[in-house]
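These are my notebook entries on a structure that I had not examined before.

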Amino acid sequence: MSIIDTLSEFALPAPRTLEEAGLSRDLITQLALKMLHFSGELTGNELARRLGLPFCAVESVLATIKQHHHVEISGGALGSASYHYRSTDAGRSRAMLFLEQNHYVGFAPVPLEQYRRYMHAFKAAMPHKVDRASVRKAFSHLVISQRVLDQLGPAINAGHSMFVYGPPGNGKTVISQAIHKLLDGDIFVPHALEVEGSIIRFFDPVNHIVLPEAETTGLDLGGDTDRRWVRCRRPMVMVGGELSLDQLELSYSPALGFYRAPIQAIANGGVLVIDDFGRQRCAPRDLLNRWIVPLESRVDYLTLHTGKKFQVPFDVLTVFATNLDPASLADEAFLRRIPYKIAIQDPSIEDFTRILELNCRRRDLRFHPVMAAYLQRRHYLPIGRPLRACHPRDLLDQVTALCRYRGIEPVLSREMLDLACEAYFLDDKVSQPPTAPVRPRRKRRADVEVR
């Protein structure tokens with residue numbers, strides 16, 4: 001039964017032989033001897049479990065290394081699966097030689113070709129289908145115009161990339177994160193990949209959220225599941241100004257002898273948000289040039305340190321969030337490869353009032369629309385300050401902190417809003433009355449006396 005046939009059955013079937021697993025006997029021999037070298041003694045079942053394979057797939061390998069006196073049986077009941085295996089001196093010497101090549105010890109890797117087939121099947125079985133109702137529900141915690149929602153929905157359905165741009169502080173990052181909620185289904189992620197004899201650690205515990213078995217199937221999958229794969233929520237990877245070109249390539253450790261997958265591969269099947277685009281340590285054009293081929297062809301090309309290039313799927317919904325003008329960051333050739341450009345504008349006074357009200361509710365503060373009108377009249381209109389969607393939240397945080405400092409219950413008042421604005425805005429001159437220049441005075445003894 002193929003991966004495509006079983007994709008909808010909540011679990012990938014366990015391979016019964018190494019041929020089905022797509023792995024060589026030599027690779028499993030290396031992993032088994034290294035694992036026994038570090039663990040000391042394991043039963044046949046436990047060793048197979050740690051490799052992510054059923055015992056029947058590794059039984060012949062154990063028999064061979066036992067025949068070569070690299071392991072010995074130290075106990076156990078009847079049946080080779082329950083035997084206790086431990087390394088001999090010859091086995092430990094062999095393991096040390098293998099460790100000189102690489103220090104990878106863990107689940108057996110998935111061959112690259114199997115991963116490609118799975119991602120092809122995943123893309124076919126998990127089309128992006130959202131409608132107005134589901135989009136509105138996903139963004140219900142935000143005050144956002146229907147115009148923007150009607151642009152986001154088709155972009156998500158297309159499953160391609162988008163620019164989300166506009167002035168700072170209007171929720172571009174939060175909107176990008178909310179897109180993840182609209183991606184239905186889960187995904188299987190391999191612990192590691194095998195490419196031309198090299199091992200790439202693929203599973204990332206930070207960005208891949210593992211689903212418990214009870215949540216995935218409600219059944220005991222036992223030994224029928226390929227444990228080389230982990231069932232996870234579809235990932236969302238977010239990077240910001242720290243992003244560099246190196247993070248888009250395989251990361252090879254000469255000391256460990258294996259690779260780590262780049263961020264776009266980790267985000268496969270999910271969302272990759274490049275926040276604050278244009279403020280990375282590398283030039284925007286260099287970063288965009290790296291993305292031109294993957295965005296158009298939906299495949300990426302990675303290179304081993306030996307110079308060998310190989311192709312991996314690029315099934316990623318890529319979101320570029322920026323407060324810079326996209327036209328200043330990319331040329332026409334690149335912009336046409338990002339078919340959706342969604343502008344997030346400053347909120348209207350009505351939306352600003354709603355945002356203030358929602359934030360008051362979250363903080364158990366009494367709200368009255370007159371406060372939003374006061375803010376606009378006192379601290380925005382006189383100096384032409386634009387309304388920003390983040391201002392209500394930030395100003396209420398200031399009000400809450402100030403009230404607690406004074407030892408009173410948090411309350412929304414004109415006085416508190418004036419003080420919050422004075423502390424928050426650099427150019428706030430309205431709420432600060434003009435003061436006469438301060439003349440220096442002679443220091444008296446009391447001014448400098450140390451008690």
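Which residues in helix 4 meet which residues in helix 5? I noted first that the model is predicted. I then found that Gly44, Asn45, Leu47, Ala48 and Leu51 of helix 4 are in contact with Phe55, Val58 and Leu62 of helix 5. By class, the residues of this contact are six nonpolar, two polar and no charged.

**Entry: helix 4 and helix 5**

I looked up the geometry of the pair next. Helix 4 covers residues 44–51, and its axis lies 9 Å from that of helix 5, at a packing angle of about 115 degrees. Helix 4 is therefore roughly perpendicular to helix 5, since angles of 65 to 115 degrees count as such. I recorded the crossing of helix 4 and helix 5 as right-handed.

**Entry: helix 3 and helix 5**

I turned to helix 3, residues 25–39, and its packing on helix 5, residues 55–67. Their axes come within 10 Å and cross at roughly 70 degrees, so helix 3 is roughly perpendicular to helix 5. This crossing of helix 3 and helix 5 is right-handed. On the helix 3 side I listed Arg25, Ile28, Thr29 and Leu33; on the helix 5 side I listed Val58, Ser60, Val61, Thr64 and Ile65. The contact of helix 3 with helix 5 has five nonpolar residues, three polar and one charged. I noted that Val58 of helix 5 takes part in this contact and also meets helix 4.

**Entry: helix 16 and helix 18**

At what angle do the axes of helix 16 and helix 18 cross? I found roughly 40 degrees, with the axes of helix 16 (residues 349–362) and helix 18 (residues 391–406) coming within 8 Å. Helix 16 is therefore oblique to helix 18. I recorded a right-handed crossing for helix 16 and helix 18. Helix 16 contributes Phe352, Ile355, Leu356, Asn359 and Cys360 to the contact, and helix 18 contributes His391, Pro392, Arg393 and Leu396. I counted these contact residues of helix 16 and helix 18 by class as six nonpolar, two polar and one charged.

**Entry: the largest pocket**

How much space lies in the largest pocket? I recorded about 730 Å³. Its lining comprises 33 residues, and those nearest the centre are Gly169, Asn170, Gly171, Ala389 and Cys390. The elements giving two or more residues to this lining are helix 9 (146–158), helix 10 (172–179), strand 16 (317–322) and helix 16. I noted that helix 16 gives the most, with five residues. By class, I recorded 14 nonpolar, 10 polar and nine charged residues in the lining of the largest pocket.

Key:
Residues are numbered from 1 along each chain as its sequence is written. This is a predicted model: local features need pLDDT of at least 70, side-chain atom pairs count only at pLDDT 80 or more; totals for chains, interfaces and linings use all residues. Side-chain values use heavy atoms; hydrogens and water are left out. Axes are lines fitted to C-alpha atoms, for helices over the stretch in contact, and angles run from 0 to 180 degrees between N-to-C directions. Helices (H or I, at least four residues) and strands (E, at least two) are DSSP runs, numbered from the N terminus. Angles under 35 degrees count as roughly parallel, over 145 as roughly antiparallel, 65 to 115 as roughly perpendicular and the rest as oblique. A crossing is left-handed if the near helix is turned anticlockwise from the far one by less than a right angle, and right-handed if clockwise. Contact means heavy atoms within 4.5 Å. Ala, Val, Leu, Ile, Met, Phe, Trp, Tyr, Cys and Pro count as nonpolar, Asp, Glu, Lys and Arg as charged, and the others, Gly among them, as polar. On a 1 Å grid over the protein atoms alone, a cavity is a set of points where a 1.4 Å probe fits but cannot get out, and a pocket is an open set with protein on both sides within 12 Å along at least five of seven lines; lining residues have an atom within 4 Å of a point. Grid points are joined across faces, edges and corners, and a volume is the space filled by probe spheres set on the points.
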